[in-house]
Amino acid sequence: MAKAIHSMIRVLDEAKSLAFYETAFGLKIADRLDFSNFTLIYLSNAESGFELELTVNKGQTEPYDLGNGYGHFAVSVEDLEAEHARLTEAGLEPRKIVEFAPDGELVGRFFFIADPDGYEIEVLERSGRFV
């Protein structure tokens, strides 16, 4: 069977992105591969073996066009309210907490936050299928 190991996004400002992902999700540099035209930065934390790969294309000066194909990256947390409050206090502007309950049955509780490049991240409470 296949094992998910990382997801890649392109970022414009390396320092802003590293600060955001460390502050928001405790992701730190696990590896860094520097090439002549681009740098790959792998971020991870102790919660999971899955990594987020940031690609920094050297010479890129304009923000990336995220188009209409990208959906979101998701993380799960134990205490949704505490994380929402922490991110708000850090000035990262999370959106409101939502309870997703189609047909009256709770599927999940979550909020979204955007990184410096506009990538959406869903922060889900660890419950149900999102444990």
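1. Helices (H or I, at least four residues) and strands (E, at least two residues) are taken here as DSSP runs and numbered from the N terminus. On that basis the protein chain has two helices and eight strands, and from the N terminus on these elements follow the order β-α-β-β-β-β-α-β-β-β.

2. This is a predicted model, in which local features need pLDDT of at least 70 and side-chain atom pairs count only at pLDDT 80 or more, whereas totals for chains, interfaces and linings use all residues. Residues are numbered from 1 along each chain as its sequence is written, and side-chain values use heavy atoms, with hydrogens and water left out.

3. On the overall form, the C-alpha atoms of the protein chain fill a box of roughly 55 × 35 × 30 Å along the principal axes. Buried residues, meaning those under 20% relative accessible area with a 1.4 Å probe and protein chains only (exposed is over 50%, partly exposed in between), make up 33% of the 131 residues. The protein chain exposes about 8,200 Å², of which carbon and sulfur atoms supply 51%; accessible areas come from the Shrake-Rupley method with a 1.4 Å probe.

4. With a contact defined as heavy atoms within 4.5 Å, residues 24 or more positions apart account for 48% of the contacts in the protein chain that have a separation of 6 or more. Counting Lys and Arg as positive and Asp and Glu as negative, without His and the chain ends, and placing each charge at NZ of Lys, CZ of Arg, CG of Asp or CD of Glu, the mean positions of the 12 positive and 24 negative charges are 3 Å apart.

5. A nonpolar core is a set of buried Ala, Val, Leu, Ile, Met, Phe, Trp, Tyr and Cys residues joined through side-chain atoms within 4.5 Å. In the largest such core, which has 24 residues, Tyr21, Phe25 and Leu54 touch the most other members. At least two residues of this core come from each of helix H1 (14-25), E3, strand E4 (48-57), strand E5 (73-77), helix H2 (80-89), strand E7 (108-114) and strand E8 (120-125), and the largest share, five residues, comes from H1. Leaving aside residues up to four places away in sequence, Phe25 touches Phe20, Asn45, Val75, Arg86, Ile113, Ile121 and Val123.

6. Thr39 is found in strand E3 (residues 38-45) and is buried, with a relative accessible area of 3%. Its side chain makes a polar contact with the side chain of Asp34 at 2.5 Å, where a polar contact is a pair of N or O atoms within 3.5 Å, one able to donate a hydrogen and the other to accept it within protein, and residues adjacent in sequence count only if both atoms are side-chain atoms. Among the residues that Thr39 touches are Leu54, Thr55 and Val56.

7. Asp117 touches residues including Arg10, Val11 and Ser17, while its C-alpha atom and that of Met8, 109 residues apart along the chain, are separated by 13 Å.

8. Glu93, in the loop between H2 and strand E6 (98-100), has a positive phi of about 55° and is exposed at 68% relative accessibility. Asp103, in the loop between E6 and E7, has a positive phi of about 60° and is exposed, with a relative accessible area of 84%.
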